[in-house]
Amino acid sequence: MKQEDLHAIWAQTRPSDFLVLSLTNSNPFFTPTMVDSGTVVLPDVTIGEQAIVHDQSSVMTSSSTSLSSGAFSAECRVKMDYFEAVKSRHSVRAFQKKPVEEEKIRRIIEAINLAPSAGDLQAYEVIVVKDPMLKDKLAKAALGQGYVSEAPVCFVFVAYPERSSKKYGRRGSELYCIQDASIVTTYAMLAATALGLSSTWVGAFDEEAAARAVGATKGKRPVAILPIGYAAESPESTPRRPVSDIAFLDTSGVPYPFSFTDKSFERPTRNLKP
Ligand SMILES: Cc1cc2nc3c(=O)[nH]c(=O)nc-3n(C[C@H](O)[C@H](O)[C@H](O)COP(=O)(O)O)c2cc1C
């Protein structure tokens, strides 16, 4: 890893991220505390430990100078708090050409694999599509939504009814496998956000055409296409229904006594019927 790489990772961090540094070859020049112009950025970081990023406006200076002076190899990872990931996720429909690193694709798959599923059957498949021709087919299947093929990688989430129906009959084939595929899509979206990537859940597509594109046979049903990449746009926050339309106490229609504990989660509200 080079000094620039470390800077690139640092540039992705946001306040309250966790930065994990682990050196595989300890370097006498590496000073574990990174300090910038009086701001303690990573106080008392020791190798392999986590530190909270306090101030994104800070940049590494003194320690990064030392970093370039010796041979070392390091792995840096940025970890984002769950609520930060939820808050900062927006549907992004324009992507940079920059590829998604293989390690990040694997991390998303790792997260998917830990999602809950009905009876722990994992009645879904995830197909990671990188082939430009197949991405074009997916974009066409998605009624011409061009950003699907522009994303460097698309995850296609497919429900696998047969896996669930063996144990749960119709409820498995009509509901659980769809829920299994949906929750892994959600896990993937949030994992992508936590890795500094963006995505959009695409649900509008011709199911047969999408299934054909990814070779989903045996009654497997594509549930979502998730184009993933580095954002080339910063969309405005989307509005939400008033919370009184969605959260109830004990009985549907009886509003939950709710107020925001964190104002930064508040969105402009919008009234929709029903
Ligand atoms: C089930 C589902 C299907 C969706 N299908 C599409 C789609 O086909 N095309 C699209 O551009 N966005 C699609 N979206 C994204 C929504 O438009 C988006 O989540 C919503 O407008 C809220 O914006 P946000 O994601 O930025 O918070 C879909 C989202 C979900 C959950």
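This is a predicted model: local features need pLDDT of at least 70, side-chain atom pairs count only at pLDDT 80 or more; totals for chains, interfaces and linings use all residues.

Modeller: One definition is needed at the outset: two strands pair if DSSP finds at least two bridges between them.

Let us begin with the setting. The protein has 274 residues, of which 28% are buried, and its secondary structure comprises 8 helices and 9 strands. Where contacts link residues at least 6 apart in sequence, 76% of them join residues at least 24 apart.

Strand β9 belongs to an open sheet of 4 strands, arranged in the order β6-β7-β9-β8 with antiparallel pairing. As the order shows, β9 stands between β7 and β8.

Consider the two partners of β9 in turn. With β7, the antiparallel pairing extends over 7 bridges, and Val153 is found opposite Ile228 of β9.

Helix α7 (residues 161–194) lies across β6, β7, β8 and β9, and it runs at about 10° to β9.

Of the 9 residues in β9, 8 are buried, so the strand is largely enclosed by the rest of the structure.

In soluble globular proteins, nonpolar side chains tend to be buried together. The largest nonpolar core here contains 46 residues, and those with the most contacts inside it include Ile225 and Leu226, along with Tyr124, Cys154 and Val156. Strand β9 is one of the elements that each supply at least two residues of this core; among the others are β6, β7, α4 (102–113), α5 (132–141) and α8 (207–213). Helix α7 contributes the most, with 9 residues.

Cys154 illustrates how these parts meet. Beyond its neighbours within four places in sequence, Cys154 is in contact with Ile225, Leu226 and Pro227, as well as with Val129, Lys135, Leu138 and Val148.

For contrast, consider some residues outside the sheet. Asp120, in the loop between α4 and β6, has 8 C-beta neighbours inside 10 Å and therefore counts as exposed. Its phi is near 55°, a positive value in a residue other than glycine. Lys98 lies in the loop between α3 (82–88) and α4; Lys98 too is exposed, with 10 other C-beta atoms within 10 Å. Finally, in the segment after β9 one finds Pro274, which is joined to Lys273 by a cis peptide bond with omega of about -10°. Most residues other than glycine have a negative phi, and most peptide bonds are trans.

Note on methods: Residues are numbered from 1 along each chain as its sequence is written. Two residues are in contact if their C-beta atoms, placed from the backbone, lie within 7 Å. Axes are lines fitted to C-alpha atoms, for helices over the stretch in contact, and angles run from 0 to 180 degrees between N-to-C directions. A nonpolar core is a set of buried Ala, Val, Leu, Ile, Met, Phe, Trp, Tyr and Cys residues joined through C-beta atoms within 7 Å. A residue is buried if 20 or more other C-beta atoms lie within 10 Å of its own, exposed if 12 or fewer, and partly exposed in between; C-beta atoms are placed from the backbone.
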